[in-house]
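I'll jot down what I look up as I go.

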Amino acid sequence: METDAPMSLNTSAKTLPATGSEHSATAPVSIHDMTVAYHRKPVLWDIDLDFPKGKLTGLVGPNGAGKSTLIKAVLDLVPKASGRVTVFGQPYQRQRHLVSYVPQRESVDWDFPVNALDVVTMGVYGKIGWFRPVRKPHRELAMAALERVGMADYARRQISHLSGGQQQRIFLARALVQDAEIYFMDEPFAGVDAATEKAIIHLLHDLRSAGKTVAVVHHDLQTVSDYFDHLIMLNMRVVAAGPTREIFNRENLRKTYGGRLSLLDQAAQAIISQS
Amino acid sequence: MNWTMLDTWIVIAGVLSACSCSVLGNFLLLRRMSMMGDAISHAVLPGLAVGFLLTGSRSSLVMFLGAAVVGVLTAVFTQWINRFGKVDEGASMGVVFTALFAVGLVLIVQAADAVDLDPGCVLYGAIETVPLDTVQLGSLSIPRAVLTLAIVFAINLGVIIVFFKEFKICAFDEELATTLGIRSAWMHYLLMTLVAVTTVASFESVGSILVIAMLIVPPATAYLLTDRLQSMILLSLGFATLSAIGGHWSAMAVPPIFGFADTNTSGMMAVVAGLLFSFAFVFSPRQGLIARFLKPKTN
Amino acid sequence: MQFKFWILVSLLLVGAPAASADVMPLMRVLTLQDYNTRVVVVGILLLGIAAGVIGSFMLLRKRALVGDAVSHATLPGLCAAFMIMASMGGDGKWLPGLLLGALVTGGLGILMVLWIRSQTKLKEDTALGIVLSVFFGMGVSLLGIIQKMRQGHAAGLESFIYGKTASMLAGDAMLIGGAALVVITTAVLLFKEFRLLCFDEAFAKSQGWPVRALDIVMMLLVVTVTVIGLQAVGLILMIALLVIPPATARFWTEHLQTLVWLSAITGGISGLIGALASALVPNLPAGAVIVLVAAAFFVFSMLFGSRRGVVIRFFEHWKLSRKVGRQHLLRALYEWVEESSGTGPDELAAERESMGISFESLLPERSWHPRQLRRWLRDAMGQGNIYDGSDGLFHLTREGWSEARRVVRNHRLWEIYLIEYADIAPSHVDRDADMIEHVLGRAMVDELEALLRTRYPHLAMPPSPHTLSLAGGRS
C-alpha cells in the first residue's frame with residue numbers, strides 16, 4: 001500500500017496540470033499540502049488543490065476515499081496532520097464567515113425538538129452574535145431562504161415529520177441564509193427524491209450564476225457530467241482534478257475506483273459515450 | 001496493624017463478592033450496559049426493604065427474591081420507557097432507578113423504628129461485621145455472608161461457563177444471535193437477574209453501591225490489557241481479588257500513615273480497583289497512555 | 001389555584017406520616033409563616049427550575065447520565081473539605097466550603113470521564129461507571145475516617161447522601177437559590193448557542209462557535225446544579241432532578257423552548273413539594289419525595305403526553321391500521337369487479353350496481369382472518385362505502401366506488417413509483433397512499449399517471465374527477 005503511494009502520486013501529477021505548489025492567490029479555497037489521519041492512520045495524503053471560483057465542483061471517489069473527510073478537514077472539523085487551507089488567499093480561520101457548510105443528513109438527530117424554521121435560523125446565529133436572542137428580522141431571513149428551496153409551507157413543522165428530501169432542503173436553506181461565498185455540501189443528493197434532486201440542482205445553478213463557489217461530495221457517477229463543471233477525483237489522494245469534460249474518463253475512473261471498476265466499467269462507458 | 005482470623009474472613013468475603021461481580025461485569029461492559037449495573041444496584045433497594053419488612057431478617061430467601069424481581073423490573077421498565085416512550089436509553093435508566101431507589105429509601109426510613117436496616121448500611125455495607133454472624137457447617141464455623149457469597153459466586157461462574165458462547169455472541173452481535181436461534185432477550189434477563197442477586201448477596205459486605213465498582217472497574221482494567229474474552233474474564237477476576245485484598249489491607253494501613261484511625265474496607269476496595277485501573281490506563285503495553293505516546297507516527 | 005392543588009398532592013404523598021404530626025406546625029409550614037421555611041422552599045424551587053433547564057440540554061445531548069457520575073464524584077470533595085476545615089480548627093460544616101470541595105471533585109470527575117473516553121477504547125457508559133464508583137468509594141473511605149475523627153462527627157455529612165432539607169438554614173438556602181439563579185440566567189443567555197451545540201455540533205464548529213468552550217460552560221452548569229442540589233436532594237438522587245423533568249416535558253412538546261419551560265416547571269414543583277414534605281416530616285428524605293413527585297409526573301406524561309405519550313401514539317396507530325384495513329377491503333372489492341367484469345375501466349362504473357360478492361368469495365382475496373374481514377366490512381358499511389344487498393352479497397355504494405377507485409389509483413401510482421425510482425423510493429413510499437400528491441408533488445404524479453397509461457395499460461384507469469376533490473378534503 002505505502003510503496004504504491006509515491007508512484008500513484010506521480011501519475012496523478014501528470015494528469016493534474018492545475019495542482020502543484022503554485023496556487024492562485026485569488027482562488028476561493030486553496031488546500032496546501034494537506035494530510036489527515038484518523039488515529040494515526042492516514043486517510044488523506046498530500047492534498048494540494050484550488051477550487052475554481054464560480055464553478056460547481058464535484059468530489060467523487062469510492063467509499064472510504066476521504067471525500068467527507070476532505071471537507072471536514074478544510075473546515076477544521078477534523079484535525080489535520082499537516083497542511084493549511086486558505087480562503088481568498090487568507091487563512092481559513094479569519095475567513096470563516098465566507099464559508100458555508102451543509103453536513104450529511106445523518107449527522108444530526110432528526111428527533112430533536114425544533115421546527116424547520118428554527119433549523120434554518122441557525123444559519124444566522126453567527127450574525128446575531130453572543131447572548132442575543134433570535135428576533136423577527138432573523139426569522140424573516142430564514143423564511144426567505146425556506147422560500148427559495150420551496151419549503152415555506154413547512155416552516156412550522158417539526159423536523160422529524162419531514163421526508164428525507166425535505167430535510168435536505170432545510171439544510172440547504174440553512175446554508176443559503178448565511179449568504180456565503182463558498183459552499184461545501186456533503187452528499188446533498190443522498191437518498192432524496194427526484195423533485196428535491198431537481199430543486200437542488202436548480203439552486204446550485206443559481207448559486208453559480210451569482211458567482212458563488214460550490215463544492216459537492218457526490219457518489220452517483222451517472223450524473224457527474226450533467227451536474228458539475230469541475231471535478232476532483234479522490235481516493236485517499238487526488239487522482240485527478242480539472243474540468244469535468246477533460247478528466248472524467250475511463251483511465252481516471254479506473255485509477256480512482258481501482259479493481260472495483262470492473263463493476264462500474266460498463267456504466268462508466270455508457271456515461272462517457274453519452275456525454 | 002495486626003491481622004487476625006477476622007481479617008481473613010473479611011478478605012474472603014470481599015474476594016468472593018468482588019469476583020461474583022466482575023465475572024458478570026465483563027458482559028455488561030461488552031454490551032455497553034455498564035450503567036445498567038449501576039441502575040440495578042441502586043434499584044434493588046425497595047426489593048430489599050420489602051423483603052426485610054416481611055421477614056425481619058437480612059438473610060431470607062424472600063429478600064433475595066424481592067431484590068431479584070426488582071432488578072429484572074429495572075431492566076424491563078428501562079426497555080419499556082426506551083421503546084414505548086421513545087426516551088433515550090440513559091435517561092430511561094435514570095428515571096427508573098432513581099424512582100425505585102426513592103421508593104426504597106422512603107420504605108426504609110418509615111420502617112426505621114421497627115427494623116434494623118439503615119440506608120447507610122445498604123449503601124456501603126458493613127464488611128467489618130461479617131465474621132460476627134456465623135453458621136455451623138459440620139465442624140467448621142464460617143460466617144454466613146461468606147457462605148452466601150460462595151454460593152452466589154459458584155452460580156455466577158457456573159452460568160457463565162455453561163452459557164459462555166451464548167453470552168459471547170449476544171455481547172458481540174445481538175441480531176446475529178437471534179438469527180442463530182439464541183433467545184438474546186432471555187440471556188439479557190438472565191444476566192440482569194444474576195446482577196440483582198449478586199447485589200443483594202453483596203450488600204452487607206461491600207454495600208450495594210460499591211457493587212458497581214466491582215462490576216465495572218476490574219473488567220474495564222482487563223479490557224485495556226487484552227483482546228481475548230477468556231483472558232479478559234480471568235484477568236478481571238485477578239484484579240477483583242487484588243482489589244479486595246488490597247482494599248482491606250489499605251483500609252487498615254493507609255489512614256494511620258496520616259495520623260487517622262482506620263477506615264471502612266468497601267470504600268478502599270473501590271479505590272484500589274481505581275488505582276489498578278489507572279495503572280492499566282497509563283502502562284498498558286498496547287493501549288496505555290505511554291505506549292500510545294511512544295508509538296511512532298505513521299507519516 | 002395550581003399551587004393549592006399541589007399542596008393537596010403533597011399532603012396525599014406525605015399523608016400517613018403527617019397525620020400523626022400536630023396540625024399547627026402543618027399549617028405553619030403550608031402557609032410559609034416561618035421565615036426559615038419560606039427561604040428554604042424558595043431556594044429549592046429555584047434549584048428544581050435550574051436543574052430542569054440545564055437537564056433539558058443534557059438530555060438532548062444524550063448525556064443524561066453524566067450528572068450521575070458528577071454527583072457521586074462530589075462525595076470525596078465534600079469529605080476532604082470537611083476534614084481540611086475541621087483540622088484547621090473550623091466548623092467543618094461550613095456550607096460554602098463543603099460545596100467548593102464538592103465542585104472541585106465533581107468537575108474533576110467529569111474531566112476524568114472525558115479523558116478516559118478519548119484515550120481508551122472504553123465506551124462512555126463504562127467511563128461513567130468507573131468514575132462514579134471509584135470516586136464514591138474514595139468518598140466512603142474518607143467518610144469512614146471522619147467518623148473516627150476526634151474533632152466533630154460526620155452526622156451532618158450523611159444528609160448530603162440522601163438529602164435532608166429539614167436541617168437547612170436560611171443562609172444555606174440563599175446560597176443555593178443564588179447559584180441556581182446564576183445557572184438559569186446563564187442558560188437563558190446562551191439558549192441559542194446551546195440549541196445549536198446540541199443539535200449540530202459540526203455545523204456550530206464550522207460557523208466558528210467555540211464548541212469546546214460552550215461544552216465546558218454547559219458541564220460547569222451541570223456540576224454547579226449538582227453541587228447545590230446535594231443538600232436538598234442528596235447525591236444519589238440528584239441525577240433524577242436532571243433527568244426526569246426534561247424526559248417528562250418531552251412527551252408534551254416538539255419545541256425546545258416549550259420543553260425547557262415545562263421541564264423547569266416540573267422540576268420546580270417537584271422541588272417545592274419535596275421541601276414542604278421535608279419540613280413537615282423531619283426524618284423523611286427530601287430527595288426521595290422530590291424524585292417520587294417527579295416520577296409521578298413522568299408516568300402520567302408518558303401515558304397521556306400530547307405529543308409522544310403512549311396512549312396518543314397507540315391511538316394513532318390504531319387509526320392507521322383501521323384506515324389501511326378499510327383501504328385493503330375497498331381495493332379487493334374494486335379489483336374483484338375489475339377482474340370479473342372483463343371490461344375496460346370506463347364501463348366498470350356502470351356495472352358496479354349489479355355486482356355483489358359474498359363473504360365467502362371475498363375472504364380468499366387477501367390473507368384475512370374471517371373475524372378481521374367482518375370487522376372491516378362492518379366499518380365500511382358504517383362509513384357508507386358498501387351495503388349488504390337483498391341478495392346477501394356486498395355491493396359498493398356510489399361513494400364507495402369513487403373512494404375505492406381513488407385508493408386503487410394511488411396504490412398503483414405508488415407501485416410504479418417504486419418500480420421507476422427504486423434507488424430512492426423506499427424511504428418515500430407511504431403505503432397509506434393518501435398523501436401521494438403531497439409527498440411527491442403534482443408534476444411527479446402527472447408523470448406517473450402518464451407512465452401508468454403507456455407502460456402499464458393493464459393497470460390503467462382514468463383519473464376520476466372526484467379524485468382530486470376527495471384527496472384535497474382528506475385529513
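This is a predicted model: local features need pLDDT of at least 70, side-chain atom pairs count only at pLDDT 80 or more; totals for chains, interfaces and linings use all residues.

Before counting anything between chains, I need one cut-off: two residues are in contact when heavy atoms of theirs lie within 4.5 Å.

**Entry 1: chain C against chain A**

With that cut-off, I find 34 residues of chain C in contact with 43 residues of chain A. Which residues of chain C lose the most area to chain A? They are C:K192, C:F199 and C:F203, and together they make up 23% of what that side buries. For the whole interface I get about 3200 Å² buried between chain C and chain A, with 61% of it on carbon and sulfur atoms.

Next I looked for charges. I count 4 salt bridges between chain C and chain A. One I looked up joins C:R308 to A:D111, where the closest N and O atoms are 2.8 Å apart.

Which helices of chain C supply at least two residues each to the side that touches chain A? I get α10 (191–199), α11 (201–206), α14 (256–280) and α21 (436–440). The largest share is from α10(C), with 6 residues. Sorted by class, this side of chain C holds 18 nonpolar, 7 polar and 9 charged residues.

**Entry 2: chain C against chain B**

Here I find 57 residues of chain C in contact with 61 residues of chain B. The buried area between these two chains is about 4900 Å², and carbon and sulfur atoms give 75% of it. C:L65, C:K121 and C:Y162 supply 13% of the area that chain C buries against chain B, more than any other three residues.

How many salt bridges are there between chain C and chain B? I count 1. In a salt bridge with B:D227 I meet C:K121 again, the closest N and O atoms being 3.1 Å apart.

Several helices of chain C each give at least two residues to the side touching chain B, including α5 (66–87), α6 (95–119) and α8 (155–162). The most comes from α7(C), with 16 residues. By class I tally 37 nonpolar, 11 polar and 9 charged residues on this side of chain C.

**Entry 3: chain C as a whole**

I count 23 helices and 2 strands in chain C. Of its 475 residues, 57% count as buried. The chain exposes about 19500 Å², and carbon and sulfur atoms supply 64% of that. Taking contacts in chain C between residues at least 6 apart in sequence, I see 70% joining residues at least 24 apart.

Is B:T74 buried or exposed? I find B:T74 buried, with a relative accessible area of 0%. B:T74 lies in helix α4 (residues 61–84) of chain B. Leaving aside neighbours within four places in sequence, B:T74 is in contact with B:M36, B:A39, B:I40, B:A43, B:V96 and B:L100.

My other pick, B:F153, lies in helix α7 (residues 144–162) of chain B. B:F153 counts as buried because its relative accessible area is 17%, with the cut-off at under 20%. Not counting residues up to four places away in sequence, B:F153 touches B:L16, B:C19, B:S20 and B:L237. I also checked B:F153 against B:R183: they are 30 residues apart in sequence and 24 Å apart in space, C-alpha to C-alpha.

Notes:
Residues are numbered from 1 along each chain as its sequence is written. Chains are lettered from A and ligands numbered from 1 in the order in which they are written. Side-chain values use heavy atoms; hydrogens and water are left out. Helices (H or I, at least four residues) and strands (E, at least two) are DSSP runs, numbered from the N terminus. Buried means under 20% relative accessible area, exposed over 50%, partly exposed in between (1.4 Å probe, protein chains only). Accessible areas come from the Shrake-Rupley method with a 1.4 Å probe; for residues, only the protein chains shown count as cover. Buried area is the accessible area (1.4 Å probe) that two parts lose on being put together, summed over both. A salt bridge is a side-chain nitrogen of Lys or Arg within 4 Å of a carboxyl oxygen of Asp or Glu. Ala, Val, Leu, Ile, Met, Phe, Trp, Tyr, Cys and Pro count as nonpolar, Asp, Glu, Lys and Arg as charged, and the others, Gly among them, as polar.
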